[in-house]
Amino acid sequence: MSETQSPPKLEIRIIPVTPLQQNTSMIWSTETHEGVFVDPGGDIDRLMGAAEHFGVKIVAVWLTHGHLDHAGAAAAVAERTGCPVIGPHKDDQWLLDEIEAQGARYGITDGKNVTPDRYLDDGDVLDLAGNKFGVAHCPGHTPGHVVIYSEEGAMAFVGDVLFRGSVGRTDFPRGNHQQLIDSITGKLWPLGDQMRFVPGHGPMSTFGQERKDNPFVADVVTGYAGTAKDDVDVISQRLSKRWT
């Protein structure tokens, strides 16, 4: 007699928004159809249209950090749904206060400044219809950046900390490259190689894959878990560096 596979508790859809093609994630419970937007950066009508299409009631916005393309539509979602805005860490409020000014530099006019209803700290737990998500404070790209992850679902929403084959920019104000690398190796790798992640831009990957061949944070570059370090391949790093 074969085992019956239980249906998934959560559904996820990735919705690229803004001219910067930022990955907004819509996560919802298959039981209650309550859902959240992770990093709604813009294109509010497109986001709400997706929620309507899938029959999702948006009950919260979760933000990984304060940059325009991740948080620009948070206020608009809250206004339309009455839901709270949760995250990021309080150290990114200065960026949330500058969303409209950031938009002026990129020609994006629909972003609104926002103050979250709740900030997030390292070790916090978020709940979506009984499904638990952990929070890791991962500064480096921005000082208040957080990563939100589901251990049960082996899925992380990493914002602009980590990408397939690259890492986030650290040349913005209050960025710190070594802090970013330490966040990745100290906070993300311990979650396990099997952990899949949705980055802020581009395709998904796994932590295990990035430990193998990411030119910034592969084990042979960082020496993580006792691996002997090799010399950094500067050319590979320059070719793979993200500029969004």
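Start by selecting S183, which sits in helix α6, residues 177–188. Keep in mind as you look around that this is a predicted model. Is S183 buried or exposed? Its relative accessibility is 6%, under the 20% cut-off, so S183 counts as buried. Now show its neighbours: leaving aside residues up to four places away in sequence, S183 touches C138, P139 and L188.

Colour L180, I181, S183, I184, T185 and L188 to see the buried residues of α6. As a reminder, an α-helix has 3.6 residues a turn, so residues three or four places apart point the same way. What covers the buried residues of α6? Among the elements to display are strands β8 (146–150) and β9 (155–159), along with helices α7 (207–213) and α8 (219–222).

From S183, step across to its contact C138. C138 is buried, with a relative accessible area of 0%. Select C83 as well: this cysteine is also buried, at 7%. You won't find a disulfide to draw, though, as the structure holds zero of them.

Now for the aromatic rings, which form four pairs in this structure. Select W62 and F133: their ring centres are 5.0 Å apart and their planes meet at 70 degrees, so the pair is edge-to-face. W62 belongs to strand β4 (residues 57–62) and F133 to strand β7 (residues 131–137), so the pair links parts of the chain 71 residues apart. Both W62 and F133 are buried, each at 2% relative accessibility.

Then pick W189 and F207, whose ring centres lie 5.6 Å apart with planes at 55 degrees, so this pair is tilted. W189 is in the loop between α6 and β12 (196–199) and F207 is in helix α7, so the pair ties together parts 18 residues apart in sequence. W189 is buried at 2%, and F207 is buried at 0%.

For the last stop, select W94 and R174: R174 lies over the face of W94, 4.0 Å from the ring centre.

Note on methods. Residues numbered from 1 in each chain as written. Predicted model: local features only at pLDDT ≥ 70, side-chain atom pairs only at ≥ 80, totals over all residues. Heavy atoms only, no water. Disulfide = S-S within 2.5 Å. Buried < 20%, exposed > 50% of the residue type's maximum accessible area, 1.4 Å probe, protein only. Helix = DSSP H or I, 4+ residues; strand = E, 2+ residues; numbered from the N terminus. Contact = heavy atoms within 4.5 Å. Phe/Tyr/Trp six-rings, centres within 6.5 Å; stacked < 30°, edge-to-face > 60°. Lys NZ or Arg CZ within 6 Å of the ring centre and 35° of its normal.
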